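Let's take a walk through this model together, starting with the overall fold and ending with a few individual residues. Have the structure open as you read.

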Amino acid sequence: MNGQEWSEVSKKLETEQKETLEEISHLREALKNEVDSDPDEGDPDLGEREKLLALLRTLEEKNESLSHALRLVDEGTYGICESCGRQINPARLEALPYTAFCLECKALMEKGVGARPAGQPVF
Ligand SMILES: [Zn+2]
(Lines give C-alpha, C1' and ligand atoms only; values in the text may rest on other atoms or scores of the structure.)
Protein backbone atom coordinates (compact mmCIF):
# COMPACT_ATOMS: atom_id res chain seq x y z
CA MET A 1 0.00 0.00 0.00
CA ASN A 2 1.18 3.54 -0.64
CA GLY A 3 1.10 6.42 1.81
CA GLN A 4 -2.29 7.64 0.73
CA GLU A 5 -3.84 4.19 1.03
CA TRP A 6 -2.41 3.83 4.53
CA SER A 7 -3.92 7.10 5.64
CA GLU A 8 -7.26 6.14 4.09
CA VAL A 9 -7.25 2.83 5.93
CA SER A 10 -6.33 4.55 9.13
CA LYS A 11 -9.12 7.09 8.70
CA LYS A 12 -11.63 4.34 7.91
CA LEU A 13 -10.64 2.41 11.02
CA GLU A 14 -10.83 5.51 13.19
CA THR A 15 -14.28 6.38 11.87
CA GLU A 16 -15.50 2.86 12.45
CA GLN A 17 -14.06 2.86 15.96
CA LYS A 18 -15.75 6.14 16.77
CA GLU A 19 -19.10 4.71 15.62
CA THR A 20 -18.50 1.53 17.57
CA LEU A 21 -17.74 3.49 20.74
CA GLU A 22 -20.91 5.51 20.26
CA GLU A 23 -22.94 2.33 19.90
CA ILE A 24 -21.29 0.93 23.01
CA SER A 25 -22.23 3.98 25.05
CA HIS A 26 -25.82 3.87 23.76
CA LEU A 27 -26.06 0.22 24.68
CA ARG A 28 -24.63 0.82 28.15
CA GLU A 29 -27.20 3.56 28.60
CA ALA A 30 -30.00 1.26 27.45
CA LEU A 31 -28.85 -1.47 29.82
CA LYS A 32 -28.67 0.96 32.72
CA ASN A 33 -32.23 2.13 32.02
CA GLU A 34 -33.43 -1.44 31.95
CA VAL A 35 -31.92 -2.09 35.36
CA ASP A 36 -33.49 1.06 36.76
CA SER A 37 -37.01 0.36 35.53
CA ASP A 38 -39.47 -1.67 37.59
CA PRO A 39 -37.18 -3.61 39.91
CA ASP A 40 -40.24 -5.31 41.46
CA GLU A 41 -41.59 -6.63 38.21
CA GLY A 42 -39.31 -9.61 38.13
CA ASP A 43 -37.48 -9.48 34.83
CA PRO A 44 -39.90 -9.78 31.95
CA ASP A 45 -37.30 -8.51 29.49
CA LEU A 46 -34.54 -10.89 30.39
CA GLY A 47 -34.31 -12.02 26.78
CA GLU A 48 -33.98 -8.46 25.59
CA ARG A 49 -31.31 -7.74 28.18
CA GLU A 50 -29.37 -10.83 27.19
CA LYS A 51 -29.51 -9.69 23.58
CA LEU A 52 -28.19 -6.25 24.52
CA LEU A 53 -25.39 -7.77 26.57
CA ALA A 54 -24.40 -10.10 23.74
CA LEU A 55 -24.38 -7.17 21.34
CA LEU A 56 -22.33 -5.13 23.79
CA ARG A 57 -19.74 -7.89 24.03
CA THR A 58 -19.55 -8.14 20.25
CA LEU A 59 -19.05 -4.39 19.95
CA GLU A 60 -16.38 -4.38 22.65
CA GLU A 61 -14.50 -7.10 20.81
CA LYS A 62 -14.88 -5.15 17.60
CA ASN A 63 -13.53 -2.06 19.33
CA GLU A 64 -10.48 -4.02 20.49
CA SER A 65 -9.95 -5.39 17.01
CA LEU A 66 -10.13 -1.85 15.65
CA SER A 67 -7.54 -0.61 18.16
CA HIS A 68 -5.39 -3.56 17.23
CA ALA A 69 -5.74 -2.85 13.50
CA LEU A 70 -4.83 0.81 14.06
CA ARG A 71 -1.67 -0.28 15.85
CA LEU A 72 -0.84 -2.53 12.91
CA VAL A 73 -1.30 0.41 10.54
CA ASP A 74 1.17 2.37 12.68
CA GLU A 75 3.62 -0.50 12.60
CA GLY A 76 3.14 -0.98 8.87
CA THR A 77 2.01 -4.61 9.16
CA TYR A 78 -1.69 -4.01 8.59
CA GLY A 79 -3.27 -6.34 6.04
CA ILE A 80 -1.00 -9.27 6.85
CA CYS A 81 -2.57 -12.35 8.42
CA GLU A 82 -1.39 -12.75 12.01
CA SER A 83 -1.65 -16.48 11.79
CA CYS A 84 0.03 -17.45 8.51
CA GLY A 85 1.77 -14.18 7.60
CA ARG A 86 0.23 -13.99 4.14
CA GLN A 87 -1.40 -10.92 2.65
CA ILE A 88 -5.09 -10.75 3.49
CA ASN A 89 -7.35 -10.57 0.44
CA PRO A 90 -8.05 -6.85 -0.26
CA ALA A 91 -11.76 -7.60 -0.78
CA ARG A 92 -11.89 -9.12 2.68
CA LEU A 93 -10.13 -6.09 4.16
CA GLU A 94 -12.59 -3.88 2.36
CA ALA A 95 -15.53 -5.72 3.90
CA LEU A 96 -13.94 -6.23 7.32
CA PRO A 97 -11.19 -3.60 7.70
CA TYR A 98 -10.37 -4.62 11.27
CA THR A 99 -9.74 -8.26 10.58
CA ALA A 100 -6.36 -9.65 11.59
CA PHE A 101 -6.64 -12.96 9.76
CA CYS A 102 -7.04 -14.18 6.21
CA LEU A 103 -10.17 -16.05 5.23
CA GLU A 104 -8.46 -19.45 5.33
CA CYS A 105 -7.12 -19.01 8.86
CA LYS A 106 -10.39 -17.55 10.07
CA ALA A 107 -12.27 -20.53 8.63
CA LEU A 108 -9.90 -22.89 10.41
CA MET A 109 -10.41 -21.04 13.68
CA GLU A 110 -14.16 -21.24 13.34
CA LYS A 111 -13.83 -24.97 12.95
CA GLY A 112 -11.87 -24.99 16.19
CA VAL A 113 -8.58 -25.86 14.55
CA GLY A 114 -5.69 -23.71 15.68
CA ALA A 115 -7.52 -21.95 18.49
CA ARG A 116 -6.56 -18.33 18.83
CA PRO A 117 -4.41 -17.30 21.78
CA ALA A 118 -6.27 -15.39 24.49
CA GLY A 119 -6.46 -11.67 23.91
CA GLN A 120 -6.06 -11.91 20.17
CA PRO A 121 -8.55 -10.29 17.81
CA VAL A 122 -11.52 -12.42 16.91
CA PHE A 123 -12.44 -10.94 13.57
ZN1 LIG B 1 -3.82 -16.69 7.39
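Two residues are in contact here if their C-beta atoms, placed from the backbone, lie within 7 Å. Please keep in mind that this is a predicted model, in which local features need pLDDT of at least 70 and side-chain atom pairs count only at pLDDT 80 or more, while totals for chains, interfaces and linings use all residues. Residues are numbered from 1 along each chain as its sequence is written.

Next, the secondary structure. The protein has four helices and zero strands, and along the sequence this reads as α-α-α-α. Helices (H or I, at least four residues) and strands (E, at least two) are DSSP runs, numbered from the N terminus.

How much of the protein is buried? Of its 123 residues, 15% count as such. A residue is buried if 20 or more other C-beta atoms lie within 10 Å of its own, exposed if 12 or fewer, and partly exposed in between, with the C-beta atoms placed from the backbone.

Now look inside. The largest nonpolar core has 11 residues: L13, L66, A69, V73, Y78, I88, Y98, A100, F101, C102 and C105. Helix 2, residues 46–75, gives the most to this core, with three residues. By nonpolar core we mean a set of buried Ala, Val, Leu, Ile, Met, Phe, Trp, Tyr and Cys residues joined through C-beta atoms within 7 Å. As background, nonpolar side chains in soluble globular proteins tend to be buried together.

Why does A69 count as buried? Because it has 26 C-beta neighbours inside 10 Å. Leaving aside neighbours within four places in sequence, A69 is in contact with L13, Y78, P97, Y98 and A100. Take P97 from that list: it is 28 residues from A69 along the chain, and the two C-alpha atoms are separated by 8.0 Å.

Helix 2 also holds S65. This serine counts as buried because it has 23 C-beta neighbours inside 10 Å. Between S65 and L13 there are 52 residues along the chain, yet their C-alpha atoms are separated by 9.9 Å.

From there, move to helix 1, residues 3–36, where you will find S10. S10 counts as partly exposed because it has 16 C-beta neighbours inside 10 Å. Not counting residues up to four places away in sequence, S10 touches L70 and V73. S10 and V73 are 63 residues apart in sequence and 6.7 Å apart in space, C-alpha to C-alpha.

Our last stop is L103, in helix 4, which spans residues 103–110. L103 is partly exposed, with 14 other C-beta atoms within 10 Å. Beyond residues up to four places away in sequence, L103 touches N89 and R92. With N89, the separation is 14 residues in sequence and 7.8 Å in space, C-alpha to C-alpha.
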